[in-house]
Amino acid sequence: MKLTEKYTAKTKEQFFDDFIGKISQYPFGGMPKRDLDCLIFFLLKKHGLIPGKMNRDRAYSLGISESKYKSLLVDSDAKFGGAHDIEESVKKIFGRLVGGGSGVSLEGDTLVFIEEDSVVEGDFAQAMKAAGLYTDTSFNSELIRVKAAGFLAFALERKYITEDEILALLLKDKSDEQYIETFKKSKKTGKDMICDVLDILADHDKFNLSTFSDISKYIVGVIGAKLSDNTANK
């Protein structure tokens, strides 16, 4: 098994404290082998000790198959993840669009995210579902497909962005200022307004990943601030 260079004296201490804290809840020898494997895997992942960018690379570093790695991802989170903030996963998905859109593409009117962590994918899907929207992973469980309009509607629903910030996407073209005034005076829902904005951008050949990049930076900042506030209040 190979560990990353993050394995420092401080990390070793944190890992050991977490391990003892969990294992001490069982009588000696009382933790099932599978649970012990899940615990060690969970702590390795938690402390960023598993090298590799893709599941296949991470599995190789642990000396296990990719399928076993994926199984451990789900089981370890279920057994030891506890209650975790779904917004962490949402932030990670939105963050794909920041800095050039690594791991994300635009196919027609659909954003496609590469996400190998099934826990993150599940959290994001659940958050979208709670907002009355949906994601599609039927083609490939590691690809999250979501309509661009739905993606922005979700951000609007969660108050990560405002209608004015969505309309600001049109300000890059002065000729669209009249549309903005029209939208502000209309009684359209936020989702309808988003669809109209994206249609206008498509007509101007500006419906692309860069369209979402700036607004995603803002969204990630908002989510990050919320998470920091939640941590401070605990």
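Two strands pair if DSSP finds at least two bridges between them, and strands themselves are DSSP runs (E, at least two residues), just as helices are runs of H or I with at least four residues, all numbered from the N terminus. With that in hand, here's the sheet: three strands form an open sheet in the order β1-β2-β3, with antiparallel pairing. Keep in mind that this is a predicted model, where local features need pLDDT of at least 70, side-chain atom pairs count only at pLDDT 80 or more, and totals for chains, interfaces and linings use all residues. Residues are numbered from 1 along each chain as its sequence is written, and side-chain values use heavy atoms, leaving out hydrogens and water.

**The sheet**

- β1 (104-107) and β3 stand at the edges with a single partner strand each, so one side of each has no neighbour in the sheet.
- From one strand to the next, the twist averages 25°. Axes here are lines fitted to C-alpha atoms (for helices, over the stretch in contact), and angles run from 0 to 180 degrees between N-to-C directions.
- Strand β2 (residues 110-114) pairs with β3 in the antiparallel sense over five bridges. Looking across to β3, you'll find Ile144 as the bridge partner of Phe113 and Lys147 as the bridge partner of Thr110.
- In a regular strand the side chains alternate between the two faces of the sheet. Strand β3 (residues 143-147) has Ile144 and Val146 on its covered face, while Leu143, Arg145 and Lys147 sit on the uncovered one.

**Helix α7, lying across the sheet**

- α7 lies across β2 and β3, running at about 85° to β3.
- Nine of the 10 residues of α7 are buried, so the helix is largely enclosed by the rest of the structure. Buried means under 20% relative accessible area, exposed means over 50%, and partly exposed is in between (1.4 Å probe, protein chains only).
- Among the buried residues of α7 are Gly150, Phe151, Leu152 and Phe154.
- After α7 comes Lys159, which has a positive phi, near 60°.

**Helices α2 and α4**

- α2 and α4 pack at an angle of about 95°, and their axes are 8 Å apart.
- That makes α2 roughly perpendicular to α4 (65 to 115 degrees; under 35 is roughly parallel, over 145 roughly antiparallel and the rest oblique).
- Residues making the contact (heavy atoms within 4.5 Å) include Cys38, Leu39 and Phe42 of α2 and Tyr69, Leu72 and Phe80 of α4.

**Aromatic rings**

- The structure holds nine aromatic pairs. Rings of Phe, Tyr and Trp (its six-membered ring) pair if their centres lie within 6.5 Å; planes under 30 degrees apart count as stacked, over 60 as edge-to-face and the rest as tilted.
- One of them is Phe42 with Phe80, a tilted pair at 6.5 Å centre to centre and 45° between the planes. This pair links distant parts of the chain, since Phe42 is in helix α2 (residues 33-46) and Phe80 in helix α4 (residues 66-80), 38 residues apart. Both Phe42 and Phe80 are buried.
- Phe124 and Phe154 have ring centres 5.8 Å apart and planes at 75°, so this pair is edge-to-face. It joins helix α6 (residues 118-130) to helix α7 (residues 148-157), with Phe124 and Phe154 30 residues apart.
- Phe94, Phe113, Phe124, Phe151, Phe154 and Tyr160 form one aromatic cluster.

**Cysteines**

- A search of the whole structure turns up zero disulfides (pairs of cysteine sulfur atoms within 2.5 Å).
- Cys38 is buried, at 0% relative accessible area, whereas Cys195 is partly exposed, at 31%.
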